[in-house]
Amino acid sequence: MNGSSEPDVRGLIVATQKTEDDRRIPCALLRVCGITLLERHIRQMRNLGIRQIVVLAADRDARLQSEIDRLKKLKVNLTLVNGAQDLSRVPEGTGCRWMLTDGSALVDFRLPGVVASQRGETVAVAPPEKLPQADAARGIRVDADSQGYVFAGCARVSDRWIRVLSPGPGQQWAADLLSRVLRSVPESALDVTLLPGHIHDMRRDLPYYWLPIRNRSDSRRGKDFLISASQKDVLDWPALLIHRPVENWIVRYVCEWPITPNQLTLICNIVAYWAAYHFALGSMGWAMLGALIVGVLDGVDGKQARVKQMMSRLGGILEHLCDSIYEYAWQFAIGFRLAGQGHGGVPYGMALFIVGVDMAEKVLLTLFERKRGMSLNVYSPFDRAFRIIVGRRNTYMWTLIPFVVFDALWVGYWVIAVYALMTLLERACRVGYLLIFRPVKKEDN
């Protein structure tokens, strides 16, 4: 997400709701995928560049204060305000705006950025009839003049609205505040059920979500949902049929551990270079085992980042760069092994060709995306289908397995080279045809 362009935007997390399991514990302290709801909201705000955040509690709570103290490691200025107090202790700012979130709900990670991009007052809402009945009944109900909504967990309001009412216990303060905003500024209602849900980087459509988290059962449900929502779409066949269920099983456990996505990426790279070493050495069984493990781990770190709200643009760039480096290392390690078996310099030429095909494909896909504003992989049903069998790391490694089993690596590597050539020809012809001979469709603009 992009940082907020406004000079004074503060965060306000409404953490007044208590759990249904224990009325002494704020819902904001419930954990989903290993982190508290409070931490999740703080990370979302920090991604927007918000560094001053107020947490509104119903009463003095030592556990909530302890969690806030722990989360100061995120390098944000956190202030706990009790429900019996007002916000006068928080200095007013000229033109200050507040990003307000429901601390007792799982809010779509995209929504704060969407709300921040709107002009003026904005309240994300959902018509109750479009939500599961049980969820709608437990949400914060807000009312415009002619329409009742459920608060979808995120709003942006000016400082004058925040200070109209003195915060009190429970969720009523947020409901009254947001209802006043909606009645005074009807255009401030942002219906999340009408927002386009396509996620470019994940090549999938995901409707904007809001889930109330009120007890441990809700936490487990939220975990299941986030793991499912973290899955990319339009995959090659090994990732689709083999890696995906294994990745989800692993993420279900590791998301509860204090391990970061970057640490998982490091582990993945260690295994990858261990595999490259064995490719060069000729220990093909160990090399293939390492390559297959990498195929799974490469999906786990991304899912870990998404379910724990630890995504970063720099992290994504570095991951893709590291992936390319070790993938190319594998090709030259295989070429080195085959050259050592008496095949001369041909294996090096084949490795260079396979690497060149990968680079050329990236250039073609980037060119298409810049011209059409979308990935070729999702452009049409044909392109989605071809993505399943396209030549790339996963499909290459699984194609090599029978040749490794029958000690025919030289033949298998020729098959991989032909596979790469077929991929390049299809990509070049497809991009050339669509950009040169086919006019741009209106929906592509």
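Predicted model: local features only at pLDDT ≥ 70, side-chain atom pairs only at ≥ 80, totals over all residues.
At 52% relative accessibility, C429 counts as exposed, whereas C255 is buried with a relative accessible area of 0%. The protein chain has 15 helices and 14 strands, and 55% of its 445 residues count as buried.

**The chain as a whole**

- Taken along the principal axes, the C-alpha atoms of the protein chain fill a box of roughly 80 × 50 × 40 Å.
- Among contacts between residues at least 6 apart in sequence, 78% join residues at least 24 apart.

- How many disulfides does the chain have? The count comes to zero disulfides.
- You can find C33 in the loop between strand 2 (31-32) and strand 3 (35-36).
- The backbone at C33 deserves a glance: its phi is positive, about 60°, although C33 is not a glycine.

**Helix 10 and helix 14**

- Two packed helices are described by the angle between their axes and the distance between the axes.
- For helix 10 (284-307) and helix 14 (residues 393-405), the angle is about 155° and the axes are 10 Å apart.
- An angle over 145 degrees counts as roughly antiparallel, and helix 10 and helix 14 are therefore roughly antiparallel to each other.
- Helix 10 passes helix 14 in a left-handed crossing.
- From helix 10, the contact takes in M284, M288, A291, L292, V294, G295 and D298; helix 14 brings R393, N394, M397, W398, L400, I401 and V404.
- Sorted by class, the contact of helix 10 with helix 14 has 10 nonpolar, two polar and two charged residues.

- Is H243 buried or exposed? With 2% relative accessibility, H243 counts as buried.
- H243 belongs to helix 8 (residues 237-254).
- Beyond its neighbours within four places in sequence, H243 is in contact with P238, G295, V296, N394 and W398. Of these, G295 is listed on the helix 10 side of the contact with helix 14, and N394 and W398 on the helix 14 side.

**Helix 11 and helix 15**

- The axes of helix 11 (residues 313-343) and helix 15 (residues 409-437) come within 11 Å and cross at roughly 135°.
- That angle makes helix 11 oblique to helix 15.
- The crossing of helix 11 and helix 15 is left-handed.
- Which residues meet here? Helix 11 contributes Q331, I334, L338 and H343, and helix 15 contributes L409, W410 and Y413.
- The residues of this contact divide into five nonpolar, two polar and no charged.

- Q309 is buried, with a relative accessible area of 4%, whereas M310 is partly exposed at 22%.
- Q309 has a positive phi of about 55° although Q309 is not a glycine.
- Setting aside neighbours within four places in sequence, M310 is in contact with R43, P261 and A305.

- Where is K18? K18 lies in the loop between strand 1 (9-15) and strand 2.
- K18 is buried, with a relative accessible area of 13%.
- Apart from neighbours within four places in sequence, K18 is in contact with R23, R24, I25, P26, C27, A58, D59 and D61.
- K18 and I140 are 122 residues apart in sequence, with 13 Å from C-alpha to C-alpha.

Note on methods: Residues numbered from 1 in each chain as written. Heavy atoms only, no water. Disulfide = S-S within 2.5 Å. Buried < 20%, exposed > 50% of the residue type's maximum accessible area, 1.4 Å probe, protein only. Axes fitted to C-alpha atoms, helices over the stretch in contact; angles between N-to-C directions. Helix = DSSP H or I, 4+ residues; strand = E, 2+ residues; numbered from the N terminus. Parallel < 35°, antiparallel > 145°, perpendicular 65-115°, else oblique. Left-handed = near helix turned anticlockwise from the far one by under 90°. Contact = heavy atoms within 4.5 Å. Nonpolar A, V, L, I, M, F, W, Y, C, P; charged D, E, K, R; others polar.
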